[in-house]
Every structure is written in C-alpha cells, then in structure tokens.
Amino acid sequence: MPSTLNATLSATDMPVAEKIAAVDKNAAIEKQAAVDKNAVVEKQAAVEKQEYRDAMARLGSAVNIITTDGPGGRAGFTASAVCSVTDTPPTLLVCLNRSASVHAAFTQNQVLCVNTLADCHESLSNLFGGKTPMEQRFDAAEWARLATGSPILTDALVSFDCKVTQITSVGTHDILFCEAVALRRNDDSHGLVYFDRRYHPLMRQTAC
C-alpha cells in the first residue's frame, strides 16, 4: 500500500526540496574552494629561507662598508642591504642583523657612514664581512672624518656621513633610517657590485 505521505506530496513541492539540496551543495563547493584557496596562499607564502636567499643572489647591488664611532666604540661591517629612501631630507636605509657583534655599537652611537666601495676594494669588503678583529679591519685602509665622527674611507666611491633618525625592527634585522649630513665623492674610480655571490667591477663610462 502506498504511503499517505507520498500520496499527498504535490508535484510543486519537489522542486523546493531539490532547490534546498542545490543550495547546500553550492555552499559546500564554495566552502571547499575557500579552503583550497587558503591552502594555495599559505603554500605561496611559505617560501623557504634558502630558496629566498638563492633568489636574492640574483639581485645585483652595490657593496658598502658601514662604519661608526662614538660611545659604543668604533665598528664596521660589509653590507649590500642599503638603499635611498628620500632626498628631502636626504635619507638612506641600512639593514643590520640584531645578532651581529657590531649591533650594539651602531645603536648606541646613533651615527654611521655608508662607504660605497670602488672596484679595488674587494679584499677590504671580505675583511669587513668576516670575523677579523675590528682593529685589523681598520688598519687595512686609510680613514678620515667629516661631521659625525664616523670613519670615512678616503678612497671610497662615495661616502654618506649620517645620523640615525629612526630604527624599525623586521624579523631578524633592524632597519636604520639615516639622514645624510655630509658626503664625499670620488669621481675617478669605478664601482663594485655583488651579483650571483661574486664581485663584479662596474666600469664608469667616460664622456667623449
């Protein structure tokens, strides 16, 4: 015998039930799509440290020795993470690892000089980039001073003598914002860039 419920269910009720099922199905599909999208975003964000370092090796940059002197002592290190921020006021930024042995000197002194190296300074760059005692690093070159008292490499391609105006921490590093208060240029030397984990001379084009 047929059920009374089945016998009394009208034809117009069936599409409503199907519509509800379809809505539920679409909601489930959209939810799964959102989960998949989040998974893709997380995968894209999870760049491995070595993968990132290898990619950054393809970003050619000038080589600099960053120096300071003051209450925190005289110190210097090699850096490529340097760039211009603005020309009003003239400001650069320098990235410094907080675990570096020179970190305390720079944060205490609040002054520094960005000495951009010439093509003849490859060995000096390696010296300031290693674990050589600080006195031996400075003994390997000639230095002067401008406004802040930070050591100025006398034959640098250009030297930006700066006061540190702001420090921002990101991950393992501090970003030092540095306002240039004096500078010195050397227009007779060629440049030095670091690309693909090697030094490369950057030849100056002479006017005809």
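**Close-up views of cysteines, salt bridges and a surface patch**

**View 1. The sulfur of Cys 162 lies 5.3 Å from the closest cysteine sulfur, that of Cys 178, which is too far for a bond.** A disulfide is taken here as a pair of cysteine sulfur atoms within 2.5 Å, and by this rule the count comes to zero disulfides. Cys 162 is buried, with a relative accessible area of 0%, whereas Cys 120, at 51%, is exposed; buried stands for under 20% relative accessible area, exposed for over 50% and partly exposed for values in between (1.4 Å probe, protein chains only). This is a predicted model, in which local features need a pLDDT of at least 70 and side-chain atom pairs count only at pLDDT 80 or more, while totals for chains, interfaces and linings use all residues. Residues are numbered from 1 along each chain as its sequence is written, and side-chain values use heavy atoms, with hydrogens and water left out.

**View 2. Arg 58 and Asp 196 meet through their side chains in a salt bridge, with N and O 3.1 Å apart.** Arg 58 belongs to the loop between helix H3 (49-56) and strand S1 (61-62), and Asp 196 to the loop between strand S11 (191-195) and strand S12 (198-202), so the pair ties together parts that are 138 residues apart in sequence. Of the two partners, Arg 58 is exposed at 52% relative accessible area, and Asp 196 is partly exposed at 34%. A salt bridge means a side-chain nitrogen of Lys or Arg within 4 Å of a carboxyl oxygen of Asp or Glu, and a search of the whole structure finds six of them. Helices (H or I, at least four residues) and strands (E, at least two) are DSSP runs, numbered from the N terminus.

**View 3. Glu 135 and Arg 74 form a salt bridge in which the closest N and O atoms are 3.0 Å apart.** Glu 135 sits in helix H6 (residues 134-139) and Arg 74 in the loop between strand S2 (64-68) and strand S3 (75-79), so this pair ties together parts that are 61 residues apart in sequence. Arg 74 is partly exposed, at 31% relative accessibility.

**View 4. Arg 98 is joined to Asp 174 by a salt bridge, its closest N and O atoms being 3.2 Å apart.** The pair links distant parts of the chain, 76 residues apart, with Arg 98 in the loop between strand S5 (90-97) and helix H4 (103-109) and Asp 174 in strand S10 (residues 173-185). Arg 98 is partly exposed at 36% relative accessible area, whereas Asp 174 is buried at 5%.

**View 5. Val 47, Tyr 52, Met 56 and Leu 59 make a nonpolar surface patch of about 400 Å².** Leu 59 lies in the loop between H3 and S1 and is exposed, with a relative accessible area of 52%. Patches consist of residues with over 30% relative accessible area and no salt bridge, like charges being joined within 9 Å and nonpolar side chains (Val, Leu, Ile, Met, Phe, Trp, Tyr) within 5 Å.

**View 6. Asp 188 lies in the loop between S10 and S11.** At 72% relative accessibility, Asp 188 is exposed.

**View 7. The protein chain has an average pLDDT of 87, and 82% of the residues score at least 70.** Over residues 1-11 the pLDDT is below 50, and this stretch has one contact in the model beyond near neighbours in sequence. Here pLDDT is the predictor's confidence in each residue, from 0 to 100, and contact means heavy atoms within 4.5 Å. Where pLDDT is low, the predicted coordinates should not be read in detail.

Definitions and conventions. Areas by Shrake-Rupley, 256 points an atom, 1.4 Å probe, with all protein chains shown as cover.
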